[in-house]
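Please read the following points with the model open beside you, and follow each one on the structure as you go.

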Amino acid sequence: MREFPNRKGVMLIGGMPATKMAERFGTPVMVTDENALRENYRAVWKAFNDHFPTRVNYACKANTNLSILRVLEQEGTFIDAVSIGEVESCLRAGFVPERILYTGVAVSDAEMLALVKANVPINVDSVPQLRRLAKMDPKHPISLRVNPDVGSGHSAKVVTGAKGAKFGIPKDEIISAYREALDLGFSPRGLHAHTGSGGSDPQVFGRVTEVLVEMFERVRSELGLKLEFLDIGGGLGIPYRPEEHPTDLNAVAAEVADRLKGSSVRTLVIEPGRYIVADTTVLLTTVQDIKRTPVKDYALVDAGFNTLIRPAFYDSYHHVAVANKFDRPAESKYDVAGPICESGDYLAKERMLPKVEAGDLLCIYDVGAYGFTMSSNYNTRPRCAEVLMKGGKAALIRERETVADMFRHQKVPARLRK
Ligand code: LLP
C-alpha cells in the first residue's frame, strides 16, 4: 500500500487534493499516479535484471487504458496480451508487434488470423490450436504454453497452473507438442507457463522455473531445438492490507535465477500485471447516505461492483480511507456498499473509519489492476472516468460514460418500435 500525504485533513493524490479531483471530474473516478507507474515498472525490471537477463512483458489485462500503455511503452516494456482487443490497444499505444506476445485460450480462427496478419507472436495453448494455426501460417512465430502442475493464487478463481486447469499443454505432452510443431514447419522460440495470480512466495516462482528448465533442456537434447526464452508468467502479489509486507522482488528474482544457473536459458521472461499497476490507482467515490440498521451501519457510495468487482467476486480486501477527513481517528465501523441491487454488492466490510457523513469522499486503494478492466455496465450504469496525475496536474484519460452510451449498439426491430 502506498502512503498518501495529508494536507489540512485532505488526502493528496499525485500532488492534488482528492476533494478537488472529485469536484473537477465527478465520482466515481479512478486516479492514477504516473510516477508510481514508472517506479513500479523500473523496480521489477531492475530486481530481475540484477540477477538474470530478463524481459518484462506487462500483462495488460490488468489495465489497458491507452495512456497507461503509452507510459509503459516509453519505459520499454514488452506486452502479454490475451485478446485481439488487447493487441489492438497495444498497437494503438505504439507497441510494434514484436513487442507483444499473445497468449490465448479458446481462440477463434478469426482472432488467430487477425494475429497472423498483424504479425503478433502467438504463445500456443494446445495442440489442436497449433494445428489450426499451421493451416494459416506454419512459419508464424510461436512459443508453447505448458501446464506446469504448479498452481498459486490469492483465490481458487485465479489459479491457472494446477493439474487439470483449462490452460496450456499438459506437462507430459509438451515434448511431443514441440516435435509436432517442428514437423508442421514452425520454429518455436520459447516455453511458457503461468501458475496463477497474486502470490508472493519466492518458492513458487522457483518451483515453476525448475519445472520449466527441465523441459527447456529436454527440448534441446531430445529435439535439438534451442529455444530463445523461458517465460515463467506473472503473478507477483502486492500488499492490499496495511499489515501485509511488499513482495520481496529481490528474493523472488534470486530464487528464479538460482534455478536458471547452469541451464542453457539465455533470456528469462516475466509477465507481471498487478505488480506494475495495482497500487498506482485509487477509486474516489462519494457517500450518498449513511444507513443504520439494527445489525450494522452502511456507508452507501456511488461505486458498486459495477465499478470494482474484486471484493464481491474474490472477497478481495481493498483499503478504504475518508479522503476529506484524512487526519481524523477511526471511531465507527461501516460496511461500504454501492448502488447495485444485490446484497453481494460491497466494496469493504467492517471497516473502522472516522465518523462518515453523506457527502464525504471515500478513497479505495489499489484499484489499478483488474479495476477498470473488470468493471461493467450492470444495472445500466455508465462506467467511471479515469484521470492521470503527473507533477500535480490532472489529465482526463477516459471520459465518464453516459446513459446515452448504453444504447449505442442496441437495435430494436421495426415491429417493436414505438
Ligand atoms: N500471464 C498470464 C498468462 C496470465 O493469465 C496472467 C493473469 C498474468 C500473466 C498476470 O498476472 P498478475 O501478474 O497480474 O498476477 N482478475 C484477477 C486476476 C486474474 C489474473 C489472470 N491472469 C484479480 O483481480 O485478482
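1. A residue counts as buried when its relative accessible area is under 20%, as exposed when that area is over 50%, and as partly exposed in between, using a 1.4 Å probe and protein chains only. This is a predicted model, in which local features need pLDDT of at least 70 and side-chain atom pairs count only at pLDDT 80 or more, while totals for chains, interfaces and linings use all residues. Residues are numbered from 1 along each chain as its sequence is written, and side-chain values use heavy atoms, with hydrogens and water left out.

2. Side chains of opposite charge can pair when their charged atoms come close. A salt bridge here is a side-chain nitrogen of Lys or Arg within 4 Å of a carboxyl oxygen of Asp or Glu, and the whole structure holds 24 salt bridges.

3. Asp360 and Lys325 form one of these salt bridges, with the closest N and O atoms 2.6 Å apart. The pair links distant parts of the chain, since Asp360 lies in the loop between strand 18 (348-353) and strand 19 (361-364), and Lys325, 35 residues apart from it, in the loop between strand 16 (320-322) and strand 17 (332-337). Strands are DSSP runs of E with at least two residues, helices are runs of H or I with at least four, and both are numbered from the N terminus. Are Asp360 and Lys325 buried or exposed? Both are buried.

4. Glu34 and Arg38 form a salt bridge at 2.9 Å between the closest N and O atoms, and both residues are buried. Because they are four residues apart in helix 2 (residues 34-49), about one helical turn separates Glu34 and Arg38.

5. A pocket is an open set of points on a 1 Å grid over the protein atoms alone, with protein on both sides within 12 Å along at least five of seven lines, and lining residues have an atom within 4 Å of a point. Volume is the space filled by probe spheres set on the points, which are joined across faces, edges and corners. The largest pocket has about 710 Å³ of space, and among its 36 lining residues the closest to its centre are Lys61, Val82, Thr160, His194 and Tyr370. Because domain 1 (6-32 + 278-407) and domain 2 (34-275) both give residues to its lining, the largest pocket lies between them; the domain bounds come from an automatic or database domain assignment.

Conventions: 1 Å grid on protein atoms, 1.4 Å probe; cavity = no way out; pocket = protein on both sides within 12 Å on 5 of 7 lines; lining within 4 Å.
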